[in-house]
Amino acid sequence: MTDARPNMKAVTITPVDGPLYGHVAPPGSKSITNRVLLLAALAKGTSRITGALKSLDTKLMAEALRAMGVTVDEPDATSFVVTSTGRLMPPAGPLYLGNAGTAMRFLTAAVTLVEGTVVVDGDEHMRKRPIGPLVAALRSVGIDCSDAGGYPPVKVHGTGRFGSGRIEIDGSLSSQYVSALLMAAACGSGPVEVALTGTEIGARGYVDLTVAAMRSFGAKVEKTDDATWRIEPTGYRAADIHVEPDASAATYLWAAAVLTGGDIDLGTAPDAFTQPDAKAAALIATFPHLPAEIDGSQMQDAVPTLAVLAAFNETPVRFTGIANLRVKECDRIRALSTELSRIRPGLAHEEGDDLVVSSDPALAGQTLPTSIETYSDHRIAMSFALAGLKVRGITILDPDCTGKTYPAYWDALASLGVGLDLSEGAPA
Ligand SMILES: O=C(O)C1=C[C@@H](OP(=O)(O)O)[C@@H](O)[C@H](O)C1
Ligand SMILES: C=C(OP(=O)(O)O)C(=O)O
């Protein structure tokens, strides 16, 4: 269903009448794949990446690296072989990164290592996702760069060096700004200190992932206090890396299992993941007794999964700490509230930047014909498919948007025995 089929306009899900059992291996982690692709490109030599995610987001990263003279081979469906001189060359034109936040943010900092001008740009959605704090941090250490009123495109006039010294960054809108600076900083002309300002960043676990990936490529990075990292100017050396499965992708399968009372073997235990969203497994396991309040700040990409699950919970659930969900692929607080309420009016609402899901266990078994708008957001499509496991009549529009991080998502559901009625054609 992934490669040979025409574009799908919509998918209608047939509710399952029993528990879902089976084995589904989620694809490789998007976060780790895009980190190690970049780090391999900054390392001299050949790096082999196995277990990698092949999806739109990683394709955009790989294409951008190729445009800067890096050889990125794809010997099979889950491997990249990256060969680099350790230098990024000026690309012939703008780097186009679609709506891949990791690629956009990580490359904005990394292209300062190019000797020449680079424009880093994305699609119409990315052009609404803030990049101003990262650009301001780069400018504060003398890098000549500009954005379009705080949003992409970003133009960077690189000198081939990252510089050295202290960089302050407000990571409250996106932890990716911090990760971007850390990764570029190991190619500095001297030690660099990256220090957080402003409010606490959400999803600190993503910064931990960055530090771990940097160390795998030989970097020396230490956390000197709760809000500061010191990076030595070691550059990177080539490495062979095996990427763990994607924890955010895993959340849909964990949720599908509890929602149907089944058991889906992912081949990886929840505590074997190093990604922040794996924390959602313990919460999902409490279904149908999810807590009255869930702080989503340290498992942000799992919030759509948890919110749809919450609709079937015994009691209402308030999601807090999720303000920056408004600047993801879409405004996810608005999207979740609107689309849950499309299934049954009043099922969810916003309170400031909190999302409150009213919950209605009696939803299961009902017929409520609903077309779910997905806003070009893979996580809205994947999470609302879960509702279709229990409610008859759920149709997901533009289901191909899952290709951003999980192109085989619908195949995975089908392999578990979920009935999918496809309607083909251009997305509505
Ligand atoms: O660093 C990363 O790999 C990511 C960080 C998070 O974004 P923000 O840092 O923008 O919150 C997360 O939502 C995104 O899917 C992946
Ligand atoms: C927010 C996400 O992606 P990104 O920021 O990498 O575009 C996501 O995958 O949920």
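What covers the buried residues of α2?

## Basis of the report

This is a predicted model, in which local features need pLDDT of at least 70, side-chain atom pairs count only at pLDDT 80 or more, and totals for chains, interfaces and linings use all residues. Residues are numbered from 1 along each chain as its sequence is written, while chains are lettered from A and ligands numbered from 1 in the order in which they are written.

## Helix α2 and its cover

The cover of the buried residues of α2 includes α1 (30-41), β4 (71-76), β5 (79-85), β6 (95-96) and α3 (101-110). Helices (H or I, at least four residues) and strands (E, at least two) are DSSP runs, numbered from the N terminus. Buried means that 20 or more other C-beta atoms, placed from the backbone, lie within 10 Å of a residue's own; among the buried residues of α2 are Leu-56, Leu-60, Ala-64 and Leu-65.

The 12 residues of α2 (residues 56-67) should span 16 Å at 1.5 Å a residue, and the end C-alpha atoms are 16 Å apart, which agrees. The expected span is 1.5 Å times one less than the number of residues. Just after α2, Gly-69 takes a positive phi of about 90°.

## The four-stranded sheet

An open sheet of mixed pairing has the strand order β21-β22-β1-β23; two strands pair if DSSP finds at least two bridges between them. Because β21 (367-372) and β23 (419-424) stand at the edges with a single partner strand each, one side of each lacks a neighbour in the sheet.

β21 pairs with β22 (residues 392-397) in the parallel sense over four bridges, and Thr-370 stands opposite Ile-394 in β22.

Notes:
A residue is buried if 20 or more other C-beta atoms lie within 10 Å of its own, exposed if 12 or fewer, and partly exposed in between; C-beta atoms are placed from the backbone. Two residues are in contact if their C-beta atoms, placed from the backbone, lie within 7 Å.
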